[in-house]
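Biologist: Before we discuss details, could you please bring up the model?

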Amino acid sequence: MRRLAPMLLAALAVLAAACEKKPQPTGEAGGAPAAQAPATAQGGGTPPAGDDVIVLGEVGALTGGQATFGISTRNGVALAVKEANAAGGVKGKKLVVRVYDDQSKPEEAAQAVTRLITQDKVVLILGEVASSSSLAMAEKAQAAGVPMITPSSTNPTVTEKGDNIFRVCFIDPFQGFVMAKFARENLKLNKVAVLQDNKSAYSIGLTEVFRQKFTEMGGKITATESYSQGDTDYRAQLTAIKKTQPEGIYVPGYYSEVGIIARQARELGLKVPLMGGDGWDSEKLFELGGSAIEGSYFSNHYSPDNPDERVKKFIADYKADNNGAVPDALAALGYDAARVAIEALKRAPDTSGPAVRAAIAQTKDFPGVAGNITLDAKRNAVKSAVVLKVQDGKSTYVTTISP
Amino acid sequence: MSQLLQHLINGLAAGTIYALVALGYTMVYGVLKLINFAHGDVMMVGVYMGYATAFALGRQAQHSLWGVVLIFAVAMVGCALLGFLIERFAYRPLREKPRLTALITAIGISFALSYGFQLDIGFLPGASPRAFPEVITPSEWFIVGDRDVVVWNWQVISFLIAVGLMAGLQFLVYRTRFGKAMRAVSFDHRTAALMGIPTDRIIALTFMLSSALAAGAGLLYAIKDTSVSPLMGLYVGLKAFVAAVIGGIGNVPGAVVGALLLGLVEEFVVGYAASTWRDAVAFGFLILVLLVKPGGLFGRVAAEKV
């Protein structure tokens with residue numbers, strides 16, 4: 001009974017903290033700009049949680065080169081936690097998220113995980129967006145036996161770090177499959193050429209799967225050409241492609257190159273649609289591609305135009321919490337990751353690492369806003385992707401493709 | 001056949017740009033025996049100057065002839081000034097030092113420009129690539145069959161501007177007093193100084209001329225490939241340097257021939273072999289030329305005093 005005193009103290013402290021934050025309904029992950037300060041303040045001062053709260057950890061890039069990704073994710077997580085708390089929390093306890101900024105650096109992310117585990121005694125960790133940071137975190141989380149869910153790291157190796165690491169997004173090669181299916185079944189294309197970025201593992205991975213699936217479905221790949229990231233003249237490749245008279249061109253690269261490729265394809269008289277993956281997802285695509293990119297398609301995690309009721313509600317709630325900002329794919333994935341975690345905590349018999357781990361692994365047909373989530377034996381989400389069409393200088397929802 | 005023709009046009013268009021950039025390398029090397037590795041980045045700065053001017057003029061003015069002339073003028077004069085500053089403060093103090101010192105400074109300037117321009121403060125443009133405005137209203141001039149071979153007006157205009165600039169340069173070097181002075185400085189700058197040639201001024205003017213040429217080349221490049229980014233100079237600069245070496249560095253017609261050859265070789269490798277071999281074959285071609293003719297196609301091998 002000697003532990004009673006510190007526990008009482010801790011409970012008091014938490015109570016005090018909770019009172020302090022009353023005007024801020026989501027706890028530390030409240031409004032967008034205000035959230036950074038409490039995140040760091042919470043990290044240092046507050047003692048480990050008492051019995052009436054469950055502490056989740058989150059590591060994200062709130063500053064640095066990928067800050068937009070980290071902030072979107074954090075806002076999505078905050079919304080999910082706020083909703084869960086409003087609905088009575090988990091096992092009669094409120095949820096609290098402790099957010100650490102990794103400054104877009106993998107080494108900082110690894111350190112933050114150590115702090116979350118040893119100091120904050122979190123039951124579960126959410127993060128990161130960048131695969132390189134997630135890989136650094138996964139090692140620590142796996143070693144400590146704390147389950148970790150990455151909302152949006154698509155590199156296949158992340159979950160290979162161990163059986164405590166999960167993700168709620170699809171892995172890179174899946175997008176190749178999605179586009180092959182879409183090209184063959186929706187666009188009814190028979191002959192497609194491929195233009196890949198041979199400096200990017202992402203692009204090569206997508207191409208391989210696309211080529212295989214498209215051929216399996218009875219289509220024909222007329223030409224496979226490649227370029228290197230940073231090139232600006234693709235006329236030679238496009239001229240060679242043009243000779244094979246394809247009905248579409250698969251370009252699974254990044255927006256900075258794809259925009260120029262579209263322009264040069266049109267210039268050479270190639271009018272067929274271009275197709276790609278989530279590497280296209282940037283406002284810059286429309287500036288660089290201009291009118292040439294109109295009528296092209298790319299696969300993505302989520303679309304705010306999705307007519308699904310769940311998505312509509314999510315967007316309305318998110319806008320209300322974030323000054324009217326439309327949630328992007330990363331916010332949606334952050335929201336989904338947190339909800340999968342909360343759902344697993346509800347199902348788990350207790351909040352110990354192995355129990356939570358087992359509960360997450362059982363996630364099946366979970367209705368996320370970025371598609372239904374079923375975790376496979378490799379702890380990757382098996383879920384649908386959306387196909388977007390570039391129209392009038394923005395991307396619009398076309399269809400959802402399931403695995 | 002039509003495919004061959006299209007490749008030929010693409011290759012010449014790419015080669016033209018390499019040629020203009022290569023001329024800058026060749027001029028500076030000819031006069032100073034210095035490989036100015038910052039040359040490609042000066043080109044990049046020129047492109048951003050043109051970009052800013054085009055936006056300052058607004059949509060309408062861009063398409064008028066005077067608008068285009070103004071864009072080129074601002075970029076070329078601006079780069080000439082930049083070239084002067086680089087020469088005055090980075091190279092002149094090192095002129096009597098071993099040549100390696102200036103080479104290292106050149107690489108330093110190159111990185112300072114290309115990475116400095118990726119910062120996102122004040123007038124600096126930030127790391128994201130941008131679309132260059134359509135300065136010349138694009139239209140197709142020459143079409144074979146059902147768009148089998150396409151030539152655009154700006155490709156022809158670029159080619160003519162490039163040829164004009166090359167001819168002008170050739171005239172300048174071989175038919176004017178300034179050119180004579182340049183060649184004298186190139187031959188031996190100490191002796192030239194003794195003969196009353198203002199060596200420093202000639203070298204500064206050479207730098208300004210080569211930088212202005214780089215700005216012109218950069219604008220043609222941006223019009224051709226529509227994308228501008230702070231790292232563009234590294235890539236084009238390297239290719240142009242290779243072209244200058246193939247032609248025989250220090251030789252004006254050599255730079256042009258080398259650049260056109262390089263553009264065509266790259267184009268045909270991608271078009272008829274594998275696109276992944278592009279750079280390998282380009283550099284292989286360089287090695288081959290240097291093995292067969294160590295001075296480059298048009299160069300002379302100077303006997304080295306040991």
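Biologist: Which side chain meets that of B:Asp279 in a salt bridge?

Modeller: The partner is B:Lys239, at 3.2 Å from N to O. B:Asp279 belongs to helix 11 (residues 278-292) of chain B and B:Lys239 to helix 9 of that chain, so the pair ties together parts that are 40 residues apart in sequence. A salt bridge here is a side-chain nitrogen of Lys or Arg within 4 Å of a carboxyl oxygen of Asp or Glu. Helices (H or I, at least four residues) and strands (E, at least two) are DSSP runs, numbered from the N terminus.

Biologist: How should I read the numbering, and what are the limits of the model?

Modeller: Residues are numbered from 1 along each chain as its sequence is written, while chains are lettered from A and ligands numbered from 1 in the order in which they are written. The model is predicted, so local features need pLDDT of at least 70 and side-chain atom pairs count only at pLDDT 80 or more, whereas totals for chains, interfaces and linings use all residues; side-chain values use heavy atoms, with hydrogens and water left out.

Biologist: Back to the pair, then. Is B:Lys239 buried or exposed?

Modeller: B:Lys239 is buried, because its relative accessible area is 3%. B:Asp279 counts as partly exposed, at 29% relative accessibility. Buried means under 20% relative accessible area, exposed over 50%, and partly exposed in between (1.4 Å probe, protein chains only).

Biologist: Which Glu forms a salt bridge with B:Lys239?

Modeller: B:Glu266 does, with the closest N and O atoms 2.9 Å apart. This pair also links distant parts of the chain, with B:Glu266 in helix 10 (residues 252-272) and B:Lys239 in helix 9 (residues 232-247) of chain B, 27 residues apart. B:Glu266 is buried, as is B:Lys239.

Biologist: What about chain A: which residue pairs with A:Glu216?

Modeller: A:Lys213 pairs with A:Glu216 in a salt bridge, and their closest N and O atoms are 3.8 Å apart. Both lie in helix 7 (residues 201-216) of chain A, 3 residues apart, which is about one turn of the helix. An α-helix has 3.6 residues a turn, so residues three or four places apart point the same way. A:Glu216 is exposed at 55% relative accessible area, and A:Lys213 is partly exposed at 24%.

Biologist: How many salt bridges are there over all chains?

Modeller: A search of the whole structure finds 20.

Biologist: A change of topic: which residues gather in the patch of positive charge on the surface?

Modeller: They are B:Arg175, B:Arg177, B:Lys180 and B:Arg183. Helix 6 (residues 177-187) of chain B provides the largest share, 3 residues, and B:Arg175 lies in helix 5 (residues 153-175) of that chain. B:Arg175 is exposed, with a relative accessible area of 64%. Patches are made of residues with over 30% relative accessible area and no salt bridge: like charges are joined within 9 Å, and nonpolar side chains (Val, Leu, Ile, Met, Phe, Trp, Tyr) within 5 Å. Lys and Arg count as positive and Asp and Glu as negative, with His and the chain ends not counted. A charge is placed at NZ of Lys, CZ of Arg, CG of Asp or CD of Glu.

Biologist: And which residues form the nonpolar patch?

Modeller: B:Leu8, B:Leu12, B:Phe159, B:Leu160 and B:Val163 form it, with about 390 Å² of accessible area together. Helix 1 and helix 5 of chain B are the elements that give two or more residues, and helix 5 gives the most, with 3 residues. B:Phe159, found in helix 5 of chain B, is partly exposed at 33% relative accessible area. These areas come from the Shrake-Rupley method with a 1.4 Å probe; for residues, only the protein chains shown count as cover.

Biologist: How many residues of helix 1 of chain B are buried?

Modeller: The count is 25 of its 31 residues, and the helix is mostly covered. Helix 1 (residues 2-32) of chain B reaches 45 Å from its first C-alpha to its last, close to the 45 Å expected at 1.5 Å a residue. The expected span is 1.5 Å times one less than the number of residues. B:Lys33 follows this helix, with a positive phi near 55°.
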